[in-house]
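Please keep the sequence and the structure in view while working through the numbered points.

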Amino acid sequence: MTMAIVGGGICGLTLALNLHARGISCRVYEAAPELKELGVGITLLPHGMREFTALGLGDELLKAGIENAESCFFNRFGQLIYKEPRGKRAGYQYPEVGIHRGQLHLALYRAVLARLGPDSVVTNRLCVGVEQDENSARLLFRETTSGQTLPPVAASAVIAADGVNSAIRKQLVGDAVVFTGINTWRGVTKHKPILTGRSYLRVGSILTGKIVIYPIADDIDGEGNQLINWTTEFKRDTVEMNDWNRPGDLADFISVYESWRFGWLDVAELIRNSDFIFEYPMVDKDPLSRWTFGRVTLAGDAAHPMYPRGSNGSAQAVIDARVLAECLAAGGDPRDALQAYEAARREATGKVVRTNREHPPDFINIKVEELTGDKPFDNLDDFITQDELRALSENYKRIAGFAVADVKRA
């Protein structure tokens with residue numbers, strides 16, 4: 001069998017490594033003319049790190065990033081609502097790691113080239129469709145830079161790992177992203193360590209303004225400063241959606257955070273000192289009733305794009321990659337293997353998509369804001385106990401598949 005993987009992102013490259021480890025031939029086709037270190041921060045949860053460790057990349061990624069020690073929830077007045085240990089400090093076998101997305105991406109890319117060979121990733125290939133018959137599938141490409149139509153590429157099966165705006169999903173299903181008025185802006189700032197220097201912070205709520213803050217690199221200047229990733233997000237009654245492809249404008253959102261100047265952090269200053277600002281819409285798509293169409297299936301964000309709340313998108317994508325490779329390695333007709341993969345993953349990821357919409361980890365912030373009337377509190381236990389907040393957090397982990405017991409079992 002020869003597998004064709006459309007998309008050289010986290011899911012596609014991880015799938016290539018998993019297939020190679022099981023003796024299955026594959027090639028990755030990526031639309032970008034070249035792969036570069038792009039983006040901002042990403043959090044690798046323990047079940048994601050489990051997958052990377054199995055591929056021999058755990059130590060490299062941990063060294064390139066920062067191991068999170070705790071997760072802290074604050075209201076928009078800077079008051080601590082709840083905190084809990086994370087990663088190994090919470091009893092997991094694997095750490096939780098904050099890392100620059102570009103560093104993760106290039107680590108995977110280097111590993112694919114080293115293990116599968118220099119021709120294993122073909123760039124500048126924009127997929128415009130797929131055809132299939134009883135014997136094979138054929139991918140249709142244009143050269144990204146010139147627009148020139150290229151000869152079709154045949155494969156035993158095609159895996160679409162081409163992201164939330166997947167061309168193959170559009171051909172097979174034809175659905176669109178779901179936007180509910182939540183826009184986000186992201187950046188990275190050189191800053192002294194915040195709290196423990198290993199703290200993942202959620203401050204405020206999407207209803208009145210929220211920011212997620214965590215470190216992704218240590219001592220970047222020889223003066224002890226870290227590279228701090230931040231993401232602001234809030235919901236408005238609007239159909240105007242941020243653009244993935246343009247820089248963000250500070251004036252569009254900074255007014256929400258101007259008063260967020262706490263004894264432990266000046267949020268407005270953190271944002272203003274960012275090296276750059278990107279804007280993104282917060283979107284997902286409704287879970288599908290099927291992913292697999294003969295010799296073609298979907299994986300990662302092409303299969304189950306979800307709100308980036310809970311740091312779970314990348315983990316679900318790399319689990320897809322391992323499960324799909326295991327199903328193909330079992331032998332037989334690849335069409336049956338794709339169906340087995342879908343049966344194992346579609347419902348599980350659908351639950352995460354729906355939970356990220358309705359009860360994500362920062363539901364804790366929303367709940368407290370609602371109970372306190374969006375005002376500072378004197379004693380939070382008058383409104384909700386720490387045990388009740390802990391139950392909300394643990395419920396999300398169970399649904400998302402990374403409760404401590406789940407990660408140990410897998």
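1. The second largest cavity in this predicted model has a lining made up of 4 nonpolar, 1 polar and 4 charged residues. Those residues are Phe-73, Glu-84, Arg-86, Arg-202, Pro-361, Ser-393, Tyr-396, Lys-397 and Phe-402. The volume of the second largest cavity is about 60 Å³.

2. Rolling a probe the size of a water molecule over the atoms shows where empty space is left. Cavities of 30 Å³ or more number 6 in this model. The largest cavity has a volume of about 70 Å³. Its lining comprises 13 residues, and the closest to the centre are Asn-75, Arg-76, Asn-365, Glu-369 and Asp-374.

3. The student may next ask where the lining of the largest cavity comes from. At least two residues each are supplied by β14 (199–205) and by α9 (363–371). The largest share, 3 residues, belongs to α9. By class, the lining of the largest cavity divides into 4 nonpolar, 5 polar and 4 charged residues.

4. Two or more lining residues come from each of α2 (46–54), α7, α8 (334–358), α10 and α11 (404–409). Among the elements, α8 gives the most to the lining, with 5 residues. The lining of the second largest pocket contains 9 nonpolar, 3 polar and 5 charged residues.

5. In soluble globular proteins, nonpolar side chains tend to be buried together. The largest nonpolar core of this model has 76 residues, and the members that touch the most other members are Leu-19, Leu-44, Phe-52, Leu-104, Leu-139, Val-158 and Ile-168. Helix α7, residues 313–329, provides the largest share of this core, 9 residues. A second, separate core has 22 residues, including Phe-74, Ile-213, Phe-262 and Leu-265.

6. Ile-168 deserves a separate look. Which residues does Ile-168 touch, not counting residues up to four places away in sequence? The contacts are Val-6, Cys-127, Val-130, Leu-139, Val-158, Ala-160, Asp-162, Val-296 and Leu-298.

7. Strand β9 covers residues 125–132 and strand β10 covers residues 137–143; the two pair in the antiparallel sense over 7 bridges. Between β9 and β10 there are 4 residues, and the two strands form a hairpin. Within this pairing, Arg-125 stands opposite Glu-143 in β10.

8. A further pairing concerns strand β13 (residues 178–191), which pairs with β17 in the antiparallel sense over 7 bridges. Which residue in β17 is the bridge partner of Trp-185? That partner is Glu-279. Is strand β17 mostly covered or mostly uncovered? Strand β17, residues 277–284, is mostly covered, with 6 of its 8 residues buried.

How values were computed
Residues are numbered from 1 along each chain as its sequence is written. This is a predicted model: local features need pLDDT of at least 70, side-chain atom pairs count only at pLDDT 80 or more; totals for chains, interfaces and linings use all residues. Side-chain values use heavy atoms; hydrogens and water are left out. On a 1 Å grid over the protein atoms alone, a cavity is a set of points where a 1.4 Å probe fits but cannot get out, and a pocket is an open set with protein on both sides within 12 Å along at least five of seven lines; lining residues have an atom within 4 Å of a point. Grid points are joined across faces, edges and corners, and a volume is the space filled by probe spheres set on the points. Ala, Val, Leu, Ile, Met, Phe, Trp, Tyr, Cys and Pro count as nonpolar, Asp, Glu, Lys and Arg as charged, and the others, Gly among them, as polar. A nonpolar core is a set of buried Ala, Val, Leu, Ile, Met, Phe, Trp, Tyr and Cys residues joined through side-chain atoms within 4.5 Å. Buried means under 20% relative accessible area, exposed over 50%, partly exposed in between (1.4 Å probe, protein chains only). Contact means heavy atoms within 4.5 Å. Two strands pair if DSSP finds at least two bridges between them.
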